[in-house]
Structure formats: C-alpha cells, structure tokens
Amino acid sequence: MHTDDVQPSPVLSVDPRTGEGLGRVATEAGPAEVDAAVRAAAAAAPALADRARRIALLRAAADRLDAAADEITATADAETALGPARLTGELARTTYQLRAFADQTADGAHLGVIIDHADPALGRPDLRRMKLPLGVVAVFAASNFPLAFSVPGGDTASALAAGCPVVVKAHPDHPATSELTARLVREAAVSVGLPADVLAVVHGFDAGPALVRHPLTAAAGFTGSVRGGRALYDIAAARPRPIPFHGELGSLNPVVVTERAAATRAEEIGTGLAASFTLGNGQFCVKPGLVLVPAGDGAVEKALVDTAAQAPAAALLDPRMRTAFLDGVRERAARPGVEVLLAAGAEPTEQAPLAVRPGILAVPADRLTDLLLEECFGPVTVLVRYRDAAELEDVLARLDGNLTATVQLAADERGPETAALLQRLVPLAGRLVVDGWPTGVTVAPAMQHGGPYPATTSTSTSVGATAVERWLRPVSYQNAPEALLPPELHDANPLGVPRQVDGRREG
C-alpha cells in the first residue's frame with residue numbers, strides 16, 4: 001500500500017504535437033500494486049495450461065481489437081502523432097500476430113516433442129521431451145509501436161501462446177492506448193473462460209525494476225533504449241535467481257553501397273534511402289542510420305537530399321524525444337569533418353507546433369568519431385564516405401551489433417567478392433538485406449528480429465513464429481508411466497502434435 005505521506009503519482013496522456021496534456025489516465029503503481037499484479041498473473045497461470053482456451057483467447061483478443069479499430073486508432077493517434085493510416089496498418093499487424101500465434105499453438109510444433117523409447121541394448125531409458133511455459137512474463141512496451149510492440153503486441157501474444165501470463169509495464173507515451181487495449185484483451189480472456197489476470201498492466205518508472213525483481217517473474221521482454229534496457233538486464237542477471245531478459249536496445253542498421261551500385265543505381269538508391277530513414281519520422285528500430293557510400297560519388301547523395309528535403313515535417317513521439325533528437329543532431333554536426341547535407345531542425349506547423357524536419361550528415365571515413373556510431377532516434381542518417389576497400393573494412397570493424405545490415409549492389413555483382421562482403425556483414429546483424437531497405441519487419445516464420453548486442457541481449461527474435469521459444473523451457477520425463485505424462489507425450493498422440501519418435505519425424 002502507498003503510505004499516507006507518499007501519494008501515488010497520476011499517469012497523464014500528452015499530445016506530442018503540442019505538448020499539451022490530454023488528461024489523467026491511471027495511477028503509477030507502487031511496490032504493492034506491482035506485487036498484486038504479478039501474484040494475480042501467477043495465480044492465473046494454471047488456467048492457461050488448457051491449449052484450446054489459449055487459442056480461443058488469442059483469436060478473441062484479435063476480434064475485439066478489430067471491432068474497436070476506430071477507437072483504438074483515434075486514441076493512439078492522439079498520444080503518438082503517428083497518424084491514422086500508420087496506426088490502421090499497425091493494428092492489422094497486431095491482430096494478424098495474435099491469430100498467427102493461435103494457429104501456431106493449435107499446430108503444436110513449437111512444443112518440440114521428442115520421444116525416445118527405452119532401448120535395453122543401448123542402455124537407454126524411456127525419455128520424452130517437450131517445452132513447457134516458464135511462468136509470468138514481464139513485457140515492457142515500446143514507445144514507437146503503441147500496438148504491435150506494446151500491450152497487445154508480439155511479446156504478449158507469444159507469451160500467451162506459450163502458456164505464460166503477462167504483466168505489461170506500459171509506456172508513458174501512450175497510457176490511454178495501453179489501458180484501452182488491455183481492457184479488450186482482458187475481456188477476451190473472460191469471454192473464453194480464462195481469468196482476466198492472464199494480462200495485467202502497470203504504469204510508472206519505478207514499476208519496471210520492481211517487475212523484473214519480483215520473485216514470481218520468470219522472464220522479461222523489452223523494447224527500448226540501450227541505457228534503460230541494459231539497466232533492467234543487469235537487474236535480471238543480479239537477482240538471487242536470474243531470469244532470461246530478452247531486450248531489444250539499439251541499432252544503427254548500417255548500409256553498404258558498393259561503387260558499382262552507386263554508379264548504376266544512384267537515383268534508385270538515393271530515393272529509397274530517403275524514404276526508409278524518414279519512414280515513421282525516423283522512429284523505427286530498423287531505420288538505416290549509417291550509410292557507407294563511395295567517396296566522390298555525388299549522384300546518390302543528390303538523389304537522397306532532393307527526396308528527403310520533400311519529406312513533411314512531423315512531430316516525434318514526445319517532447320523529450322524531440323529535444324534529444326535536436327540536441328543529438330546538433331552535437332553530431334559540430335564534430336570535425338562533418339558536413340551538413342540537409343539541416344534537421346524544428347519546423348512548426350499549424351497542426352503540430354513541435355514538428356521537426358529530417359536531416360542528413362556526411363563525414364569522410366577517416367574522420368568518423370564514436371558519437372556518429374551511436375544511434376540518434378529520429379529522422380536523421382549519417383553518410384560515411386569511404387575511398388577504398390580498406391577504409392570500408394575499417395568502418396565495419398568498429399561497428400557493434402545491429403538488428404539489420406544492408407548491401408546495395410549493381411545488377412551484375414553476384415560473384416565471390418560480393419558474397420564475401422555479404423558474409424562480412426553476418427557477424428554484425430540478425431537480418432541481412434540485399435538491394436532493399438530494412439524498414440518494414442514482416443511477421444513471418446522465417447523472420448529474425450534480433451541481433452548481436454546491443455541490438456538485443458539474446459539470440460532470439462521478437463517477431464515471427466519462433467518468438468514463442470523465449471517463454472518456454474524443455475523438460476524431459478524419464479521412465480514416467482503414460483498416465484502421469486502430458487497428453488502431448490502419449491504414444492497415441494491424442495492431440496496430433498508434430499513430433500520426433502525414435503529418430504523419425506511424425507506429423
């Protein structure tokens with residue numbers, strides 16, 4: 001309980017276009033509220049063992065979100081300034097994810113069932129292995145995706161699919177959207193016979209560390225900054241019983257433009273890059289923030305600047321991010337050797353007094369400073385002009401881990417040297433893009449949205465079918481009578497799950 005002399009702080013919704021308050025939404029959670037939310041979620045966990053009800057929950061949640069599309073879009077737009085078109089697409093992606101995880105749960109392949117019958121000749125006992133849910137999952141909502149990476153997003157959907165209840169730490173940039181979507185998912189749970197507490201939401205900065213420290217929290221998923229994510233990751237590791245922390249922290253998403261590509265595809269590359277780094281006002285985690293271009297080739301740069309200069313000014317997600325963006329660009333532009341090709345800055349509009357315009361910086365490879373190798377959140381990208389293969393390699397050798405790495409090639413660059421360049425990028429990223437752009441993360445079974453640190457803190461993905469694996473652990477039963485086994489491990493396979501039996505694939 002909050003003491004009499006410490007009153008709980010209100011959670012306010014704010015219009016990022018103007019900085020004006022939209023009203024009180026909730027109250028920040030103190031230690032008692034976090035404890036109650038986690039304990040209620042843990043108490044709801046046994047009900048999620050019913051796979052059929054989990055499937056029904058995911059589908060019912062998607063249906064309720066779709067039915068409330070107008071209200072959700074309006075609420076999210078008021079809090080994020082992302083616009084109805086973008087948010088309509090994001091809601092469609094969110095409900096698609098929920099239904100995709102329902103289908104995956106129905107299939108059962110993610111359980112990884114393996115049965116090895118006893119073989120006295122080999123001295124082998126009867127062994128039956130499958131993956132089981134970890135327990136309560138703490139989900140930290142992202143600022144830039146108020147739906148797909150927040151309360152009803154991929155972390156929540158995959159955790160529920162795994163059979164794990166979820167407590168979401170709402171992002172302060174969209175508290176009303178968080179409350180609305182949480183209510184709809186909780187109503188969906190009740191409608192299929194599950195406790196509403198399979199999903200809970202808490203607000204407030206202090207609620208995050210408390211959620212990670214709680215002894216009943218079994219794992220955490222995070223999307224946000226390097227600083228915030230690393231602090232929570234360290235808390236997770238320092239617990240008496242450390243827990244998995246699947247954090248997405250930061251990414252430059254480097255792009256390499258070869259000399260022949262610049263000579264033969266300059267207009268296409270320049271316009272494509274402009275569209276990619278300004279998409280969503282530069283607030284995507286896969287924004288290309290560092291682009292290596294051949295020195296002396298101005299055609300790509302001209303097409304890039306001409307196109308980016310036409311991008312409309314728009315508000316960032318909140319006034320704090322706006323200040324950080326403007327300060328970050330100004331600091332980078334002041335570094336020795338940096339040329340401002342397109343000046344970023346404040347550009348108020350009638351609808352958005354806090355709007356900003358995009359910027360482009362350029363620097364010779366031999367003048368590249370560490371600051372320019374740090375992500376700057378917002379619509380800015382840095383061109384690094386390299387003179388030869390040695391300078392290109394020097395820059396690549398300085399890069400940390402990323403979500404993506406992209407290479408832009410000429411049509412005839414398909415030989416061993418090009419293959420070697422692509423392989424050179426493998427240690428740097430989880431997704432390699434050829435002749436395309438990294439913005440746009442397709443929800444598909446083969447998607448990998450994760451990469452070497454600091455892009456993420458684990459080797460998993462937060463998008464796609466295999467995201468569910470983060471919330472499961474394998475358990476083997478040895479010489480257990482069938483009556484004591486989960487039905488997925490029975491010889492008759494009553495639930496029809498895909499499995500491996502004595503080395504042979506079934507289903």
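User: How much accessible surface does the protein have, and what share belongs to carbon and sulfur atoms?

Analyst: Accessible areas come from the Shrake-Rupley method with a 1.4 Å probe, and for residues only the protein chains shown count as cover. Here the protein's surface comes to about 20,700 Å², with 56% belonging to carbon and sulfur atoms. Bear in mind that this is a predicted model: local features need pLDDT of at least 70, side-chain atom pairs count only at pLDDT 80 or more, and totals for chains, interfaces and linings use all residues. Residues are numbered from 1 along each chain as its sequence is written, and side-chain values use heavy atoms, leaving out hydrogens and water.

User: What share of the residues is buried?

Analyst: Buried means under 20% relative accessible area (exposed is over 50%, partly exposed in between, with a 1.4 Å probe and protein chains only). Buried residues are 55% of the 507 in this protein.

User: How do I read the strand order in the open sheet?

Analyst: Strands are DSSP runs of E, at least two residues, and helices are runs of H or I, at least four, numbered from the N terminus. Two strands pair if DSSP finds at least two bridges between them. This open sheet has 5 strands in the order β7-β6-β5-β8-β9, with parallel pairing. At the edges, β7 (199–202) and β9 (245–248) each pair on one side only.

User: Which residue stands opposite V139?

Analyst: That's V168 in β6. Strand β5 (residues 136–140) runs parallel to β6 (residues 166–169), and 4 bridges join them.
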